[in-house]
Amino acid sequence: MISTLRQKYTVLYGKDVNAEEMDKRFISLVENHKSLFGKDNPMIFSAAGRTEIAGNHTDHNLGLVIGAAINLDTIASASKRDDMIINFHSEGFPKCTIDLSDLEIKEDEINTTASLLRGIARAFMDRGVEIGGWDANVTSKVLRGSGLSSSASVEVLIAEIFNALYAGDSISSVELAKIGQYAENVYFGKPSGLLDQLSCAYGGIVGIDFENKTEPKVESLSFDFSDFDLDMVITDTRGCHADLTDEYAAVPPEMREIAHFYGKENLREVDFNAFIKDIAQIREKVKNDRAILRAYHFFKENERVRYMLKELKEGDVDTFLYNVTESGNSSFRFLQNVYPASCPKEQGVALAIALSEDILDGEGAVRVHGGGFAGTIQAYVPKRLLKRYIERMESLFGEGCTTVIAIRSLPVARIY
């Protein structure tokens with residue numbers, strides 16, 4: 001088993017993978033499977049976490065984004081059963097058991113793993129796949145609450161287990177992502193978009209165009225920032241503990257206020273030049289300057305995504321980094337998601353960006369990562385500055401707040 005897995009470590013975890021550490025991780029996974037279920041030689045699966053590279057808060061108005069699978073993953077060992085029972089053991093969580101003979105939505109399962117299992121099973125049944133039970137134990141290195149999509153990673157992992165065991169691996173990465181989103185939206189009760197699941201399901205960097213939200217266009221490309229002497233670093237600012245749901249929830253409808261001025265549902269349907277020409281009338285009608293600024297961010301961020309994909313294809317890293325900075329500045333000034341308006345005295349993300357700019361001193365780049373308001377930043381750090389960068393960020397936000405990540409080239413998959 002280990003010799004087979006070792007051949008995949010580089011595409012899973014990057015060039016700097018610690019093979020011995022990964023050996024221990026997978027051996028422990030399989031040993032736990034035998035201890036829990038009494039079964040030898042299980043299948044092994046891996047699903048990546050994800051990072052957002054560009055397209056901050058644009059997907060919900062049918063915009064363009066760049067995401068990437070990363071080298072922090074969720075892994076599972078799984079064995080097929082001959083009945084309709086799923087036993088799911090996720091490290092650090094209570095055991096979850098469901099019976100697939102009942103796939104109705106359960107109110108008492110909302111926001112639980114059971115709801116995801118049941119919803120994903122229903123999605124496979126709706127696609128004409130005859131399903132059955134399985135046993136699996138799961139462990140994850142995708143940091144929870146870090147904007148790296150630990151939940152989407154689990155969702156596409158579960159979908160891939162069904163795919164391998166009952167669909168002959170015939171379901172595409174796009175469909176696996178849709179299945180995960182369906183379970184999260186309908187069964188789990190969270191109205192999320194498709195960005196996280198697509199980024200976790202695909203390998204490498206993906207440009208996603210949500211103009212057709214039911215059939216998004218996905219362009220995949222291979223890129224390794226370490227080839228350009230750069231490390232990607234995520235810093236968790238361990239910030240505001242207030243409920244930020246209202247802050248996040250305000251962004252899509254405020255952008256849509258501008259779309260509604262033109263009789264449209266989403267900003268993607270609005271012409272930027274018309275928006276600029278009509279801006280005085282919009283201000284008079286909408287009476288929400290923040291909505292206008294957020295719309296401006298949407299238009300400019302969409303344009304940036306197109307440029308940044310081209311720059312990555314051509315290896316033009318300097319211009320790409322310039323646009324990373326511009327993306328972050330636009331989020332800060334126009335989208336206004338770097339700190340919550342409801343909690344203005346706590347601005348950890350802004351502080352992290354300021355300290356990063358001082359350390360980098362014109363090299364690399366830094367931006368808010370993911371949803372914003374609190375949480376994480378993303379930095380591209382020259383390798384010679386990495387040690388200093390980590391030391392200074394951790395002196396401010398605490399030991400272990402930084403995580404060095406790399407792009408993973410392998411999609412969600414059975415790996416043994």
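Trainee: Which salt bridge does Arg6 make, and with what N to O distance?

Mentor: The side chain of Arg6 meets that of Asp23 in a salt bridge, at 2.6 Å from N to O. Bear in mind that this is a predicted model.

Trainee: Where do the two partners sit in the chain?

Mentor: They come from distant parts of it: Arg6 belongs to helix α1 (residues 2-6) and Asp23 to helix α3 (residues 19-37), 17 residues apart.

Trainee: And is Asp23 buried or exposed?

Mentor: Asp23 is buried, because its relative accessible area is 11%, under the 20% cut-off. Arg6 counts as partly exposed, at 37% relative accessibility.

Trainee: Okay, next pair. What does Asp227 bridge to?

Mentor: Asp227 forms a salt bridge with Lys15, and their closest N and O atoms are 2.5 Å apart. Lys15 counts as exposed, at 54% relative accessibility.

Trainee: What about Glu391 and Lys387, how are they placed in helix α14?

Mentor: They are four residues apart in helix α14 (residues 386-397), so about one helical turn separates them. Lys387 is exposed, with a relative accessible area of 60%, whereas Glu391 is partly exposed at 46%.

Trainee: How many salt bridges turn up in the whole structure?

Mentor: A search of the whole structure gives 34. There is also a network of salt bridges that links Lys39, Arg81, Asp83 and Asp135.

Trainee: Switching to the core. Which residues touch the most other members in the largest one?

Mentor: Those are Phe88, Phe124, Trp134 and Phe162, in a nonpolar core of 52 residues. Helix α5 (residues 150-166) supplies the largest share of this core, eleven residues.

Trainee: What does Phe162 touch, leaving out residues up to four places away in sequence?

Mentor: Quite a list: among its contacts are Ile86, Leu100, Leu117, Ile120, Phe124, Trp134 and Ala167. Apart from this core lies another, of 28 residues, including Ile66, Ile234, Val317 and Val324.

Note on methods:
Residues numbered from 1 in each chain as written. Predicted model: local features only at pLDDT ≥ 70, side-chain atom pairs only at ≥ 80, totals over all residues. Heavy atoms only, no water. Core = buried A, V, L, I, M, F, W, Y, C linked by side-chain atoms within 4.5 Å. Buried < 20%, exposed > 50% of the residue type's maximum accessible area, 1.4 Å probe, protein only. Helix = DSSP H or I, 4+ residues; strand = E, 2+ residues; numbered from the N terminus. Contact = heavy atoms within 4.5 Å. Salt bridge = Lys/Arg side-chain N within 4 Å of Asp/Glu carboxyl O.
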